[in-house]
Amino acid sequence: MSHVATEDDSSAVSSGGGGKDKQGGRAPRRARRRMTGTERREQLLDVGRTLFAARGFDGTSVEEIASKAGVSKPVVYEHFGGKEGLYAVVVDREMGRLLDMITGALTAGHPRQLLEQAAFALLDYIEQHTDGFHILVRDSPVAQSTGTFASLIGDIATQVEDILGREFKARGYDAKLAPMYAQALVGMVALTGQWWLNVRRPRKAEVAAHLVNLAWHGLQALEHTPKLIGPRRS
């Protein structure tokens, strides 16, 4: 009777070849290990991340995800309930990875060095996890997902609000404005990082230095009560 391959056979791990034995006959084929549920889930996440980064949410279909993974469509639905569920998990993981990299990098005591560490952390993420950043900078069409570029900036800015608040208070500025300045600083770095992702020039350390130059010297020269110089007042 001929062997009928199951969907797991297509991506199973073979533990032996099908060569000839010493007598010239065919050696018995060793058993092929089926993927565990956890392994299958991780494989689908990897496939989904690659496709979403290249084509976006709308440009990726469940059929294509299943085909690339070597399974049938019901397997995707079984693990994630559909494309939306898979996308949401991919976005959540990338958000967590980026936030962990940034918060883990903030170890220095001097505020300028903290700015350097934050800039490097974001540029490191862009360089090392390019697919993830491509996904995060797209506005998510999935209602239940929080993975939009705006929410990304907001979550990171929250991590630096306290740092700015302490500095503002120590220098006699209104600490209540720290959240707004945190959004401005993180937005500047994130948008520059999005631009750098495409051009990759100048080198990463130089980009970080220029970002910190603008941010640090801008903060150093802040007016306590900024005034508009143009005619408009409202």
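The structure is a predicted model, in which local features need pLDDT of at least 70, side-chain atom pairs count only at pLDDT 80 or more, and totals for chains, interfaces and linings use all residues. Residues are numbered from 1 along each chain as its sequence is written, and side-chain values use heavy atoms, with hydrogens and water left out.

View 1. Helices (H or I, at least four residues) and strands (E, at least two) are DSSP runs, numbered from the N terminus. Most residues other than glycine have a negative phi, and most peptide bonds are trans. Arg-200, although not a glycine, has a positive phi of about 55 degrees. With 34% relative accessibility, Arg-200 counts as partly exposed; buried means under 20% relative accessible area, exposed over 50%, and partly exposed in between (1.4 Å probe, protein chains only). The peptide bond from Arg-201 to Pro-202 is cis, with omega near -5 degrees.

**View 2. Helix α5 (residues 111–128) crosses helix α9 (residues 204–220) at roughly 140 degrees.** The two axes come within 9 Å; axes are lines fitted to C-alpha atoms, for helices over the stretch in contact, and angles run from 0 to 180 degrees between N-to-C directions. Residues that make the contact (heavy atoms within 4.5 Å) include Leu-115, Ala-119 and Phe-120 of α5 and Val-207, Ala-208 and Leu-211 of α9.

**View 3. Ala-119 is found in helix α5.** Ala-119 counts as buried because its relative accessibility is 2%. Not counting residues up to four places away in sequence, Ala-119 touches Val-189, Ala-208 and Leu-211. The C-alpha atoms of Ala-119 and Val-207 are separated by 8.6 Å, although these residues are 88 residues apart along the chain.

**View 4. The largest nonpolar core has 59 residues.** Such a core is a set of buried Ala, Val, Leu, Ile, Met, Phe, Trp, Tyr and Cys residues joined through side-chain atoms within 4.5 Å. Leu-44, Ile-65 and Leu-98 have the most contacts inside this core. Leaving aside neighbours within four places in sequence, Leu-98 is in contact with Leu-122, Tyr-125, Leu-136, Leu-152 and Ile-156.

**View 5. Confidence in the protein chain is lowest in strand β1 (residues 13–14) and highest in helix α2 (residues 62–69).** The mean pLDDT (the predictor's confidence in each residue, from 0 to 100) is 46 in β1 and 97 in α2.
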